[in-house]
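Here is a short note to read alongside the model.

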Amino acid sequence: MPVLPLPTPRTELLPLLKTLFDITLLRKGPQHIPDSLLVFGMAVGLWLFALLAGIVLVSSIDEADFFPEILRVVALMAVYSGIVFAAGYGPRIVRTLTAIIGCGALLSVLYAILFSSIGPVIGQDFLNLMILSFVLWSLSIKGHIIANAISTKWYVGALIAAAVFVGQRFVITILSSTA
């Protein structure tokens, strides 16, 4: 019986990045990501890199935002896990979270690069439009991922992603007003 080699981060990272890129462009879904805690860990590593890149490249992001951002994402992952589990697709949770975190990391790195390179040149109005477009695209990606994860129509996933986003903004508003 042949022994298969264990996956290593080096052999898994490039295919993961390509798959995450395809998910970001809505060509693939979370079912195309290996169901692996190693791959999930690599997506978390990409996200931490994106967060640090944002702190370094974007002047409006402060180091003090690091731990609240981690807590916010952990809470969101709990919500999305609950949604997938409640829909009866518990075995798909790791893939779903890997896709959401990984695609979020790709968008965050792209945003940080664009913001730091062309942000000072384009003006505040166009920058606000760019931020809005990133938020809307992120919601469509999350909706696409959730719809695939729970085997439903795309608009149901989009409504779930929008509801989670509105709930998140509501909680952030309440917490920031009490601080």
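Where is Ser 151 found? Ser 151 sits in the loop between H5 and H6. Please keep in mind throughout that this is a predicted model.

1. **Ser 151.** Start with the backbone here. Ser 151 is not a glycine, yet its phi is positive, at about 50°. Most residues other than glycine have a negative phi. The relative accessibility of Ser 151 is 46%, so it counts as partly exposed.

2. **Leu 26.** Here is another backbone angle to check. Phi of Leu 26 is near 65°, a positive value in a residue other than glycine. Leu 26 belongs to the loop between H1 and H2. Its relative accessibility is 33%, and Leu 26 therefore counts as partly exposed.

3. **Salt bridges around Asp 22.** The structure holds four salt bridges. One of them pairs Asp 22 with Lys 18, with the closest N and O atoms 3.2 Å apart. Both residues lie in helix H1, four residues apart, which is about one turn of the helix. Arg 27 also meets Asp 22 in a salt bridge, at 3.4 Å from N to O. Lys 28 forms a salt bridge with Asp 22 as well, and there the closest N and O atoms are 3.7 Å apart. Shared partners join Lys 18, Asp 22, Arg 27 and Lys 28 into one network.

4. Is Asp 22 buried or exposed? Asp 22 has a relative accessible area of 4%, so it is buried. Its partners read otherwise. Lys 18 counts as exposed, at 53% relative accessibility. Arg 27 counts as exposed too, at 56%.

5. **Gln 31.** This residue is found in the loop between H1 and H2. Gln 31 is partly exposed, with a relative accessible area of 39%. Leaving aside neighbours within four places in sequence, Gln 31 is in contact with Arg 95 and Asn 148. Gln 31 and Ala 99 are 68 residues apart in sequence, but their C-alpha atoms are 9.1 Å apart in space.

6. **The nonpolar core.** The largest nonpolar core has 42 residues. Those with the most contacts inside it are Leu 16, Ile 33, Met 77, Tyr 80, Ile 145 and Ile 146. Helix H1 (9-24), H2, H3, H4, H5 and H6 each give two or more residues to this core. H4 provides the largest share, 11 residues.

7. **Ile 146.** Take this core residue as a way in. Among the residues with the most contacts inside the core, Ile 146 is in contact with Tyr 80, Val 84, Thr 96, Ile 100, Gly 157 and Ile 160, leaving aside neighbours within four places in sequence.

8. **The cavity.** How many cavities of 30 Å³ or more are there? The count comes to one. About 40 Å³ of space lies in the largest cavity. The lining consists of Ala 99, Ile 100, Cys 103, Gly 104, Leu 107, Ser 138, Ile 141, Lys 142 and Ile 145. H4 and H5 each supply at least two of the lining residues. H4 gives the most, with five. By type, the lining divides into six nonpolar, two polar and one charged.

9. The largest pocket has a volume of about 1400 Å³. It is lined by 44 residues, and the closest to its centre are Glu 69, Arg 72, Ser 108, Gln 168 and Arg 169. Helix H2 (37-57), helix H3 (66-86), helix H4 (93-122), helix H5 (124-149) and helix H6 (154-178) each supply at least two lining residues. Which helix gives the most to the lining? H3 does, with 10 residues. The lining of this pocket divides into 31 nonpolar, eight polar and five charged residues.

Note on methods
Residues numbered from 1 in each chain as written. Predicted model: local features only at pLDDT ≥ 70, side-chain atom pairs only at ≥ 80, totals over all residues. Heavy atoms only, no water. 1 Å grid on protein atoms, 1.4 Å probe; cavity = no way out; pocket = protein on both sides within 12 Å on 5 of 7 lines; lining within 4 Å. Points joined across faces, edges and corners; volume = space filled by probe spheres on them. Nonpolar A, V, L, I, M, F, W, Y, C, P; charged D, E, K, R; others polar. Core = buried A, V, L, I, M, F, W, Y, C linked by side-chain atoms within 4.5 Å. Buried < 20%, exposed > 50% of the residue type's maximum accessible area, 1.4 Å probe, protein only. Contact = heavy atoms within 4.5 Å. Salt bridge = Lys/Arg side-chain N within 4 Å of Asp/Glu carboxyl O.
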